[in-house]
Structures are given as structure tokens and as C-alpha cells.
Amino acid sequence: MTPGAGSGHGPALYDAVVVGGGPAGLAAGTHLSRAGYSTLLLERESLGGQALGLERIENYPGFPRGISGVKLMALWLAQARRWGLKTRTAEAVTVSLGADKIFVVRLRKGPALRARSVLWCAGAGFRKLGVPGESRLLGKGVWNTHDEAPDCAGRQVAVVGSGETAVQQAELLARKAAKVYLISRTETLKAHKLLLERFSRSGAVTLPGYRVSRLLGKKKLEAVELVPVSRRGEVKRMKADALFTLVGKEPGEIPAGWLLKPAGFYEAGDFSAGIFRQVAVAGGDGIRAAMRSIRYLEGL
Ligand SMILES: Cc1cc2nc3c(=O)[nH]c(=O)nc-3n(C[C@H](O)[C@H](O)[C@H](O)COP(=O)(O)OP(=O)(O)OC[C@H]3O[C@@H](n4cnc5c(N)ncnc54)[C@H](O)[C@@H]3O)c2cc1C
């Protein structure tokens with residue numbers, strides 16, 4: 001065990017700084033705090049991360065009827081606080097490692113932090129379609145998840161993607177929207193049986209074999225242009241009040257100029273999970289990163 005934050009001169013020194021307060025970061029921070037290491041978790045938006053947007057998580061173990069993401073994250077946060085995890089609303093912008101084996105985490109606002117170990121649990125961002133109009137209309141009819149979009153009741157909406165997240169989102173939206181189209185480049189959807197069954201009963205319509213080529217609208221999204229992937233068939237223009245782009249996710253870069261990641265720095269959760277992106281996986285991965293960090297701290 002090492003002295004807590006703020007001991008000595010200069011910026012606060014923590015045993016560990018965790019970047020990201022989603023499931024991975026909360027699990028990692030709880031594990032480190034419970035083991036007695038002074039740990040500060042930084043979250044730039046909302047503690048709970050993406051899980052906060054999940055209306056009902058049905059595949060998280062221990063809850064036979066499922067649980068809302070908000071409730072589950074409130075439980076995780078209560079457990080973290082019980083073990084003394086400190087949290088702060090802040091965005092980490094760079095990480096560096098000094099010759100003294102101390103990491104320096106610089107923040108968008110406020111003084112830098114020092115830590116013996118850093119756990120990067122920053123999640124992954126949604127992949128862009130990369131078509132004209134997308135950046136301009138983002139937040140103006142173009143969204144990633146339904147919780148960030150205004151009410152879609154009575155609207156005509158489109159979802160782009162063929163995976164589990166897109167299928168789930170389309171089914172959820174179909175409960176309120178007037179019409180939901182699922183635009184998929186592939187002929188088949190890649191979701192498990194239960195989700196596909198729900199989707200087929202939802203009233204949402206699949207448009208397979210099409211890709212989005214352009215988004216149209218002046219101040220907000222008005223229409224979507226679609227071209228057939230096979231080059232056969234017609235270019236379609238479809239009215240859309242909202243479009244959800246769910247064509248995968250990609251993690252950002254670690255904001256450090258390292259060629260090799262140094263000992264004491266660990267990644268967890270969606271940031272490093274490849275295609276295995278789930279709350280339980282992120283939590284377990286956070287704990288694994290915390291265990292690695294503890295082994296490292298013990299060896300210092
Ligand atoms: C539509 C949808 C449906 C899903 N359905 C399910 C489901 O049914 N079951 C399931 O188990 N999982 C589901 N998931 C996946 C699940 O939400 C994620 O796998 C999980 O939230 C990943 O946790 P994480 O902590 O790795 O990342 P996140 O939850 O993304 O948390 C990362 C956090 O880091 C913060 N952050 C990023 N960069 C910085 C920085 N530089 N400084 C400070 N903070 C930073 C972010 O603000 C964010 O809060 C779904 C996801 C989506 C989008």
C-alpha cells in the first residue's frame with residue numbers, strides 16, 4: 001500500500017488512475033479500492049458509460065428478468081463508493097511516463113495528475129458511415145442510440161447496420177415509430193435467434209443489399225439516399241426523420257506517443273475487447289486489468 005493522493009509535494013499522486021467510468025472502469029476502480037490502493041476514476045460525461053442507455057439488459061448474469069442499465073450502474077457505483085473509490089468529472093487528454101516510473105495524466109481542464117499505474121477504460125466510439133451529409137447532420141436527425149435521439153413516436157426512421165445492436169435498436173424503435181426501416185448491406189442479419197424473432201414480429205422492414213450513399217437535409221435530416229450494393233436495382237431516396245448509424249464501433253487512440261505500452265498501463269472493456277462488447281465482459285475485463293495493476297504495484 002502506498003500513500004494516498006496528495007501526499008508529498010507537487011500534483012496529487014495516486015496508486016492508480018482509471019480513465020473512463022463505464023462498466024470496465026467502475027469494476028477496475030472498485031477492485032483496486034477494495035484492495036486498499038488509492039484510486040481516482042475520471043469520467044468525462046456520465047458515470048455508468050454506455051450501459052446507462054440500455055433500457056433492459058437481459059443477458060447480464062444474476063437478473064432473471066433483466067435489469068435496466070441505469071439501475072445496474074447505480075448498484076456498481078454504490079459498491080465502488082462503499083470501497084472508497086474517488087471519482088471526478090474530467091477528461092484525460094494525454095498520458096506520459098517519466099523516468100521515475102510515475103505516469104502523468106493531463107486533463108482537458110485543471111492540473112495534471114500523477115499515478116503509479118493507469119487503467120485505460122475509455123470504451124469505443126461508433127464507426128461513421130463516411131458519406132456526404134453525415135457529419136453536418138450528426139445530432140440533427142442522425143444518431144447512434146435511441147436514448148440520445150428525441151422521441152421518435154409517429155416518425156419514419158431508418159437504422160443502418162446488420163448486427164445485433166442494429167437489430168435490437170430497430171426492434172426497440174418499432175414500438176413507437178410510425179415506420180422503421182433497417183438498411184443492411186448484407187442479405188442476412190447477424191443477430192442471435194431471440195433478437196431476430198422479436199425483430200420479425202416488430203413491424204420493422206428490412207432493406208437488404210443497400211448501402212447509404214448520401215444524407216440529405218438543410219437544417220435537419222430529411223431523406224436518405226440508398227444505392228444497391230450489387231449495382232443492380234435502382235437508387236432509392238427515402239424520407240427519414242431520424243437515422244441511426246450502427247455499423248460497428250472503433251476505439252480511439254491512446255493519447256500517448258508510445259511504441260510499446262509500458263508496464264503499469266492497462267486497457268480494459270470495449271476499448272480493447274474487439275467484437276466482444278458486453279457489460280459483463282467489460283466488468284470482468286476491468287477486474288483483470290485491476291489485478292494486473294495490483295501485481296505491478298506490489299512489485300514496485
Ligand atoms: C445500443 C447498444 C445496445 C447494447 N446492448 C447490450 C446488451 O444487451 N447487453 C450487454 O451486456 N451489453 C450491451 N451493449 C454493450 C455495453 O453497453 C458495452 O459493452 C459496455 O458499456 C462497455 O463498457 P466500457 O466500460 O468498456 O465502455 P463504455 O460503457 O463506453 O464506457 C467508457 C466511458 O469512458 C468515458 N471516457 C472516454 N474517454 C474518456 C477520457 N479521455 N477521459 C474520461 N472519460 C472518458 C466515456 O465517457 C464513457 O463513459 C450495448 C451497447 C449499445 C451501444
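The secondary structure of this chain comes to six helices and 17 strands. Both are DSSP runs, numbered from the N terminus: helices are H or I with at least four residues, strands are E with at least two. This is a predicted model, where local features need pLDDT of at least 70, side-chain atom pairs count only at pLDDT 80 or more, and totals for chains, interfaces and linings use all residues. Residues are numbered from 1 along each chain as its sequence is written, and side-chain values use heavy atoms, with hydrogens and water left out.

Now the overall picture. The C-alpha trace spans about 70 × 40 × 30 Å along its principal axes. The chain has 300 residues, and 47% of them count as buried. Buried means under 20% relative accessible area, exposed means over 50%, and partly exposed is in between, with a 1.4 Å probe and protein chains only. Contact means heavy atoms within 4.5 Å. Take the contacts with a separation of 6 or more: 61% of them come from residues 24 or more positions apart.

Next, helix 1, residues 23-34. Helix 2 covers residues 69-82. These two pack at an angle of about 25 degrees, with their axes 9 Å apart. The axes are lines fitted to C-alpha atoms, for helices over the stretch in contact, and angles run from 0 to 180 degrees between N-to-C directions. Helix 1 and helix 2 are therefore roughly parallel. The cut-offs: under 35 degrees is roughly parallel, over 145 roughly antiparallel, 65 to 115 roughly perpendicular, and the rest oblique. Their crossing is left-handed. That term applies if the near helix is turned anticlockwise from the far one by less than a right angle; clockwise makes it right-handed.

Who meets whom? From helix 1, P23, L26, A27 and T30; from helix 2, M73, W76, L77, Q79 and A80. That contact divides into seven nonpolar, two polar and no charged residues. Here Ala, Val, Leu, Ile, Met, Phe, Trp, Tyr, Cys and Pro count as nonpolar, Asp, Glu, Lys and Arg as charged, and the others, Gly among them, as polar.

Helix 1 has another partner, helix 6, residues 279-299. The angle is about 40 degrees, and the axes are 7 Å apart. That pair is therefore oblique. The crossing of helix 1 with helix 6 is right-handed. On the helix 1 side, P23, A24, A27, A28, H31 and L32 take part. Their partners in helix 6 include G283, G286, A290 and I294. By class, the contact has twelve nonpolar, four polar and no charged residues.

One more residue in helix 1: S33. Buried or exposed? S33 is buried, at a relative accessible area of 10%. Beyond its neighbours within four places in sequence, S33 is in contact with T39, W83, G84 and L85.

On to helix 5, residues 193-202. L195, F199 and S202 are buried there. What do the buried residues pack against? Helix 4 (164-174), strand 10 (179-184) and strand 11 (205-208). G203 follows helix 5, with a positive phi near 95 degrees.

Last, V95 in strand 4, residues 92-97. V95 is buried, with a relative accessible area of 4%. Leaving aside neighbours within four places, its contacts include F103, V118, W120, P255 and W258.
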